[in-house]
Amino acid sequence: MKLPFFLASRFVAGETLADSLPAVDALNRDGLHVALDKLGEHVHDRSAAVAARDTYIDLVRTLAGRDGTAGLRNRISIKLSMMGQLIDEDFCEDNLRQLLEVAAERDMFVRLDMEGSDLTRSTLNIFEAVYPDFPNHVGPVLQAMLKRTDRDIDRMCELGVSVRLCKGAYAEPAEIAYQDMGRIRERYLDYMERLLQHTDYSGIATHDDQIIDATKAFADRHDIGPDSFEFQMLYGLRRETQREMAQAGYNMLVYVPYGTEWFPYFSRRLREKKENVWFVLRSLFKG
Ligand SMILES: Cc1cc2nc3c(=O)[nH]c(=O)nc-3n(C[C@H](O)[C@H](O)[C@H](O)COP(=O)(O)OP(=O)(O)OC[C@H]3O[C@@H](n4cnc5c(N)ncnc54)[C@H](O)[C@@H]3O)c2cc1C
């Protein structure tokens, strides 16, 4: 059974790119950078992976050609499992390279979303394979909840690569992931400090005021200017705060997902927070 799209419309900009572009333009007009993501994951068919690559290439062209985006750091965010990672890593790397060629020509950054822990090692391997050829146009996501992230942060600091740091949206077992929010936050803060000191323009992706405030305070204490990093939030969450932070002079990026395959993304948002369920219930009564 397919749920009606309006249930997800608080968190997903549209089912098509055309439907989503007005949301992108509105965010850009308010000085917010955008990372556009065509939703979908876990492709097992070669032709579907090639089609996903071509969709991402079109997305880069569309976004790069948009009027009124001078000075904004718009980009795309992708899942490697859409581009053949589960079929064959070399095939996926080849698809990614083709996408990065187009992105680099247009000076657009491509962020590699991090999926469940079964894909962490493979995602970072593919990232490291392409990074030397596209050092300014590709970067990974690291999840503070994973115990391995301590080492991965060291590696990214050594490379000086821009990382998106998040807590982690997937349920992971206790052997490999911290389960306690206090511990995850404490790890997050440590990683944030290392990224701000040793990488250029990493993304602090969170809606958590404790982390946001600590990041601002750390940057102030260490003379790290607001142009050296950015905050990131998800489309539909803390909308006022996103704008206030941009007005206060921080780089704020909004992750804007779109597409018909919104259900897994939508369920992760509902699992995360009771308030998100409330947004959906409200839309039911409005609709
Ligand atoms: C831009 C972006 C990209 C992401 N990419 C990935 C990815 O590639 N892979 C992945 O696994 N995960 C990703 N995530 C999801 C992330 O891992 C977390 O699951 C998600 O962000 C929830 O954690 P949080 O730190 O935002 O806040 P939470 O842990 O949900 O909340 C912590 C506290 O923040 C405050 N807060 C949270 N939401 C609100 C709100 N709406 N209004 C007011 N206060 C609020 C509250 O005080 C709350 O107690 C991404 C998140 C963002 C923002």
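Q: A crossover is right-handed if, with the strands pointing away from the viewer, the path from the first strand over the helix to the second runs clockwise. Which hand does the β-α-β unit of β7, helix α8 (residues 239-247) and β8 have?
A: The unit is right-handed, so by that convention its path over the helix is clockwise. Helices (H or I, at least four residues) and strands (E, at least two) are DSSP runs, numbered from the N terminus. This is a predicted model, in which local features need pLDDT of at least 70 and side-chain atom pairs count only at pLDDT 80 or more, while totals for chains, interfaces and linings use all residues. Residue numbers start from 1 along each chain as its sequence is written.

Q: Why is strand β7 called largely enclosed?
A: A residue is buried if 20 or more other C-beta atoms lie within 10 Å of its own, exposed if 12 or fewer, and partly exposed in between, with C-beta atoms placed from the backbone. Six of the six residues of β7 (residues 229-234) are buried, so the strand is largely enclosed by the rest of the structure. Both faces are covered, with F229, F231 and M233 buried on one side and E230, Q232 and L234 on the other.

Q: Which strands form the barrel, and in what order?
A: Eight strands close into a barrel in the order β1-β2-β3-β4-β5-β6-β7-β8, with parallel pairing. The twist from one strand to the next averages 30°; axes are lines fitted to C-alpha atoms, for helices over the stretch in contact, and angles run from 0 to 180 degrees between N-to-C directions.

Q: How many bridges link β2 to β1 and to β3?
A: Strand β1 (residues 33-38) and β2 pair in the parallel sense over two bridges, and A35 has R75 as its partner in β2. Helix α2 (residues 46-64) carries the chain from β1 to β2 in a right-handed crossover. Three bridges join β2 to the parallel strand β3 (residues 110-112), where L112 is opposite I78. β2, helix α3 (residues 89-105) and β3 make a right-handed β-α-β unit.

Q: Why does P140 count as buried?
A: P140, in strand β4 (residues 138-143), has 23 C-beta neighbours inside 10 Å and therefore counts as buried. Two residues are in contact if their C-beta atoms, placed from the backbone, lie within 7 Å. Apart from neighbours within four places in sequence, P140 is in contact with L112, M114, T123, L124, F127 and V163. P140 and V163 are 23 residues apart along the chain, yet their C-alpha atoms are separated by 5.5 Å.

Q: Is Y201 buried, exposed or partly exposed, and how do you know that?
A: Y201 has 17 other C-beta atoms within 10 Å, so it is partly exposed. It is found in the loop between α6 (181-198) and β6, and its phi is near 60°, a positive value in a residue other than glycine. Most residues other than glycine have a negative phi.

Q: What makes R238 partly exposed?
A: R238 has 16 other C-beta atoms within 10 Å and is therefore partly exposed. R238 is found in the loop between β7 and α8 and has a positive phi of about 50°.

Q: Why is the protein called as compact as a globular protein of its length?
A: The secondary structure comes to ten helices and eight strands. The radius of gyration is 18 Å, close to the 19 Å of the globule rule for 287 residues, so the protein is as compact as a globular protein of that length. The radius is taken over C-alpha atoms, and the rule is 2.2 Å times the number of residues to the power 0.38.

Conventions: Pairing = 2+ DSSP bridges.
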